[in-house]
Amino acid sequence: MAAEVAVVGSCMTDLVSFTTRLPRAGETILGQKFFIGFGGKGANQCVQSARLGAKTSLICKVGKDSFGNDYVANLKKNGVSTGQNVIVIVPGANLLLSSEDLKRASDIICKAKVAVCQLEITPAVSLEALKMARASGVKTLFNPAPALADLDPEFYTHSDIFCCNETEAEILTGIPVGNLEDTEKVGRLLLERGCKLVIVTLGAEGCMMISVEEPIPKHVPAEKVRAVDTTGAGDSFVGALAFYLAHYPELPVEEMVRKCNYIASVSVQASGTQSSYPYRKDLPQDLF
């Protein structure tokens, strides 16, 4: 069965150490805990979408080593379709995802309901994936992370939804984001650059959204929670948004964003990245 959400992006293996403080220059200190986790923006977003119930495919490259093998096994365990694995023997495998790879995966991208891209792979490849999806009538969701000050202008015009956090928004626009008023300025500027719908995530403060159809900015607050680890919360949000766009396309975007805020807030209450992402069965059923 065709994937509903096709993600073109990165896989990263996280090597995480816990200490009471960071060491000073030249100092050695003891850590209390160490674990290996699964990360990378593309994979994170894909896994969160899959855990909510979307049929997902991830188009990525991994290394031919234990990290790569473990990552493919992790994706399968999370119900993500990996298809024919493309494996290369280099440490920076993410950056070797190419235009030719996209052509081989074009059937997956063009038959999806939503295509999701970020910037942890070569930007030109992400842009090509967005164009490929758009040409087939697939809704495009773009997360410009890590942000580039000189982002190709075509990213703005080929993204149906442009979703960034406040730090990325500042890098993209040059406008420091310190409050909601600043966020609204950023949103308006991104619309001027060709975006249709802009969502700026604001951590504990929720989100700001603005669109061509509704040019008055809206602040969608998040519930207050006790955060344990905020790593990957933005990817949880984007993955949840991809799920709602695929499964509930008629739902008002503001309502989607409210639900995504809740899911991301659940993720920050546990340690780790993908390990903190909630499954559908563990969430309130009025989210679905």
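Okay, one definition to start: a residue is buried under 20% relative accessible area, exposed over 50%, and partly exposed in between, using a 1.4 Å probe and protein chains only. By that rule E27 is partly exposed, with a relative accessible area of 25%.

Now, where all this comes from. This is a predicted model, where local features need pLDDT of at least 70 and side-chain atom pairs count only at pLDDT 80 or more, while totals for chains, interfaces and linings use all residues. Residues are numbered from 1 along each chain as its sequence is written, and side-chain values use heavy atoms, with hydrogens and water left out.

Back to E27. Its side chain meets that of R21 in a salt bridge, at 2.7 Å from N to O. By salt bridge I mean a side-chain nitrogen of Lys or Arg within 4 Å of a carboxyl oxygen of Asp or Glu. R21 is partly exposed as well, at 35% relative accessibility. And how many salt bridges does a search of the whole structure find? It finds 16.

Let's look at the sheet next. When I say helix or strand, I mean a DSSP run numbered from the N terminus: H or I with at least four residues for helices, E with at least two for strands. Two strands count as paired if DSSP finds at least two bridges between them. Here 9 strands form an open sheet, in the order β6-β4-β1-β8-β9-β10-β11-β12-β13, with mixed pairing. Which strands stand at the edges? Those are β6, residues 80-81, and β13, residues 218-220; each has a single partner strand, so one side of each has no neighbour in the sheet.

Further in, strand β1 (residues 5-8) runs parallel to strand β4 (residues 56-59), and 4 bridges join them. Within that pair, V7 stands opposite L58 in β4. Helix α1, residues 41-52, packs on the sheet and touches β1, β4, β6 and β8 (114-117); its direction makes about 170 degrees with that of β4. Contact here means heavy atoms within 4.5 Å. For the angle, axes are lines fitted to C-alpha atoms, for helices over the stretch in contact, and angles run from 0 to 180 degrees between N-to-C directions.

Buried or exposed? V5 is buried, with a relative accessible area of 0%. Leaving aside neighbours within four places in sequence, V5 is in contact with several residues, including S49, T56, V114 and A242. The C-alpha atoms of V5 and I109 are separated by 8.4 Å, and those two are 104 residues apart along the chain.

Over to strand β13. The side chains of K218 and E254 meet in a salt bridge, 2.9 Å from N to O. K218 lies in β13 and E254 in helix α10 (residues 253-267), so this pair ties together parts that are 36 residues apart in sequence. K218 is partly exposed at 30%, and E254 is partly exposed at 23%. Both belong to a network of salt bridges that links E214, K218, E254, E255, R258 and K259.

E205 sits in the loop between β11 (197-201) and β12 (207-211), and K224 in the loop between β13 and α9 (233-247), 19 residues along. E205 is partly exposed at 45%, whereas K224 is exposed at 61%.

And α9 itself? It is mostly covered, with 13 of its 15 residues buried.
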